[in-house]
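Here is a friendly briefing on a two-chain model, written for someone who likes cut-offs spelled out. Please keep the sequence and the 3D view open as you read.

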Amino acid sequence: MRWLLLILCCIIGFGPIFIFSRATMTSVNNYFTANRQKELMRQANVIADQVSGSDFFTNEDNLEYFSEYLLDTSIQGGYRIMITDRTGMVIMDSNNSEKGKVYAIQEVIEALNNKSVANVQNNGNIYTAVPIMDYTSSEIIGSVLIFSSAADITDTVEVIRGLFSFILLGILICVGIAIFFISKIFVKPLKELQGVINRLTDGHLDSRVKETKVFRNEITDIGSAFNEMADKLEKIDDSRQIFVSNVSHELKTPLSSIKVLADSISTADDLPKEMYIEFLQDITNEVDRMSNIITDLLNLVRLDQKELPLKFEATDLNKFMSDIVKRLTPLANAKDIDITYEGKNVMAEIDSVKLSLAISNLVENAIKYTDEGKVTVTLDSDHQNAFITVADTGIGIPESEQNKIFDRFYRVDKTRDRQTGGTGLGLSITHSTVLMHNGSIKVLSKENEGSTFLVRIPLKHPYVLENDK
Amino acid sequence: MENGFNNNNREDYIERKNKAIYIIVTAIVIVLASFLINNFQARKEVEKDICNVYFLDASEEFLKSEERYISGDSEEEIVANVLEILKNKPISEVLVQSIPENVEFKDYWIDSKGTVYIDLHFTDGKKPKNDVALMARAALVWTLTDLEFINGVCITIDGDPIIAAGGEYIGILTRDDLVIDAAEIITEPLDEVTVKLYFSNGDSTGLDVEIRRIIVNPNQELGGYVLTELIKGPVDENLKPTVPPETKVLDLKVLDGVCYVDLSSDFVTKHSGGTSEELLTIYSIVNSLTSIEGIDKVQFLIEGEKQTTFKGGVDFSIQFTAKDLYL
């Protein structure tokens, strides 16, 4: 890429430099030319004045003296001087060759028309033509012409142009070299990043880019973004490892129970029939338990991977909620817990199967973690969202644990859960489901006072709208 | 039997084919020839019938010509036709009439030497301005001299010749006398000077002087012009040239009275050689150059470098001063 940069620099630089140098050269040329024109015109006017003053259209002596003067001026200035009378006839010529000829050229015509001009001819020669005015009669009695070659100007301009080009070329080369080396500064951090990425890809998830506090720019921003991404990657990997170890632990526990029970049965002699039935019942329970865990796990993973597409349908939330509460009332009654429901008529687009599971989890937990007291379930809404709350007067959740409860297999009190027979995945599933509905879930809790779970579900799901279209 | 029959036919056929070819070729030649002759004649006629008539450019500050067909059986008629064209508008829209409205061609005649005399008259009695008059005169001269039988124009006004500011008459004007294009003007100052040129005498025993008047640019080194004249050779038949004609002067500089002359290698290679010839060559140059004011010595260089010897006889690296040669 450094070569590309260099070539680009040359191309971008060359164009403007070329235009600039041409423009400058033209200006220089014009400056010199204009100067020469002024000089010629000045000289011509001086001569015209002198001719006006002395009357040598008729006086031979004056003519003689003046032609000496004309020759000297012409040699000094390196140009050609001619004087014509009013009929266009050349009466004086510094080169002495055109005397007596009639010059009916544009320059003479201009002067006889009382125009003082200085200009450049087509062949590059610079000329001036000024009228000679007779002061007494105010008539134009002749013209003064001066012709000069522009060769010396051209030569000078060429020399300057050569020097100019040389310098500019030198500058271009220096800039090119400088850019070549400077581009290293830009490419280096990118190469470093590439190295770190390669190390990460190889498996070293702890690879990070060096953060510089100095001179933050887009490239260092990429470095920071990369580091963040690597952090997340590492975290995900860690959580994967934790998850796997969690799962194996969860499954191991019922398996060891089963083993214990089975061993007991096989090694014991003469056990009464009731004992066999009890042990086998226990084994069945453990198997059921493992099965539930695996099912929940599968659901959770599928939810996460969005393998199960959610089917959003317009649902009467009031009926939906009251059904859940009705279903779980026996459970509450078994523990002598008072469960109430308060709601209003709300229609929302939800996947009723999955959301039912999610809300049921919340209510079940509320019942599970309350020893005595009550569970209150409410349904409210505004024009955009439905608000579901599940409040209990149970043991509460310590503040330090409140942000971890939605993690998989997380249990505040491990011993308790074994008793109540959960999988430890309930809140994870609820959390995922609510998020899939574009909603949110929050918990307010105080230890030994109770917990309240607040769930917000948007009434309209954007995907449904698109499908409708 | 069949063969013989075919052969006969074949011979006949070839003969007829050849004949046809001859006829066709001849026909083509005749057509081409007549076409060429026709064209040639036509062009000649066309040339005769076209005249470059000079009008004014739209700015009215310089002349531009336009090709016009002219008619007339005699020279007078042709001139009359041309004058008539001049009095009217040009065909091209970017050109303007060059003869003022109040000018009338009263009379004209052509003499045996190819000069046409034209007498003008101003219908309103007013003379045109100087610049208008100048352009009109130029247009007349250049238009009429475009005709092959005219080489000069003499203009009079009501019988009187035109008087220049100095009092002299402006008489016959040819194209040489009347310039309408400034492109040929030499811009460098030129002056006529006299130079002394030293050439070899008839028996090659010494040098003789030839005086010449040449046109030079006073701002350039006179030595360069002198060398050029030496290379050209003598005009006098009794003198002999001393410098090979292929010699080129590469550079000539005068510093502190010393003239540094840089000559091309032809100066050495094309020289015939021989000690006396060498001396004659060297001193013809040295004496000619030192006769110029400001030059006392001459230093020779060949292709920019000092040489130890010229053709083997003379030490060429020294600075030469003028010397009378007796060989």
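## Sheet and helix in chain B

In chain B, helix H4 (residues 222–232) lies across E13 and E14, running at about 140 degrees to E13(B). Axes here are lines fitted to C-alpha atoms, for helices over the stretch in contact, and angles run from 0 to 180 degrees between N-to-C directions. Two residues are in contact if their C-beta atoms, placed from the backbone, lie within 7 Å. Helices (H or I, at least four residues) and strands (E, at least two) are DSSP runs, numbered from the N terminus.

The model is predicted: local features need pLDDT of at least 70, side-chain atom pairs count only at pLDDT 80 or more, and totals for chains, interfaces and linings use all residues. Residues are numbered from 1 along each chain as its sequence is written, while chains are lettered from A and ligands numbered from 1 in the order in which they are written.

**The three-stranded sheet of chain B**

- E13, E14 and E15 of chain B form an open sheet in the order E13-E14-E15, with mixed pairing; two strands pair if DSSP finds at least two bridges between them.
- Strand E13 (249–255) and strand E15 (297–302) of chain B are at the edges with a single partner strand each, so one side of each has no neighbour in the sheet.
- From one strand to the next, the twist in this sheet averages 15 degrees.
- Strand E14 (residues 258–263) of chain B runs parallel to E15(B), and six bridges join them.
- One pair to look up is B:Cys259 with its bridge partner in E15(B), B:Val298.

**Chain B elsewhere**

- Chain B has six helices and 15 strands.
- Of the 327 residues in chain B, 25% are buried; a residue is buried if 20 or more other C-beta atoms lie within 10 Å of its own, exposed if 12 or fewer, and partly exposed in between, with C-beta atoms placed from the backbone.
- Among contacts in chain B between residues at least 6 apart in sequence, 59% join residues at least 24 apart.
- Strand E1 (residues 50–57) and strand E2 (residues 63–69) of chain B pair in the antiparallel sense over seven bridges, and B:Cys51 stands opposite B:Arg68 in E2(B).
- These two strands, E1(B) and E2(B), form a hairpin with five residues between them, and B:Glu60 in the turn has a positive phi of about 60 degrees.

**Where the chains meet**

- On the interface, 30 residues of chain B are in contact with 36 residues of chain A.
- Helix H3 (130–144) and strand E10 (178–179) of chain B are the elements that give two or more residues to the chain B side, and H3(B) supplies the largest share, five residues.
- By class, that side of chain B has 19 nonpolar, five polar and six charged residues. Ala, Val, Leu, Ile, Met, Phe, Trp, Tyr, Cys and Pro count as nonpolar, Asp, Glu, Lys and Arg as charged, and the others, Gly among them, as polar.
- Strand E3 (residues 102–103) of chain A pairs with E10(B) in the parallel sense over two bridges, where A:Val102 has B:Leu178 as its bridge partner.

**The five-stranded sheet of chain A**

- Five strands of chain A make an open sheet in the order E8-E10-E11-E13-E12, and the pairing is mixed.
- Strand E8 (338–342) and strand E12 (440–446) of chain A are the edge strands, each pairing on one side only.
- The twist in this sheet averages 10 degrees from one strand to the next.
- Strand E10 (residues 374–381) and strand E11 (residues 385–392) of chain A run antiparallel and are joined by seven bridges; A:Leu379 has A:Ile388 as its bridge partner in E11(A).
- Helix H8 (residues 352–368) of chain A lies across E10, E11 and strand E13 (450–458) of chain A, at about 20 degrees to E11(A).

**Helices of chain A**

- Helix H4 (residues 151–202) of chain A has 52 residues and reaches 74 Å from its first C-alpha to its last, close to the 76 Å expected at 1.5 Å a residue; the expected span is 1.5 Å times one less than the number of residues.
- H4(A) has a kink of about 30 degrees at A:Phe186, shortly before the proline A:Pro189. The bend at a residue is the angle between axes fitted to the seven residues ending there and the seven starting there.
- A:Glu286 lies in helix H6 (residues 273–305) of chain A and counts as partly exposed because it has 19 C-beta neighbours inside 10 Å.
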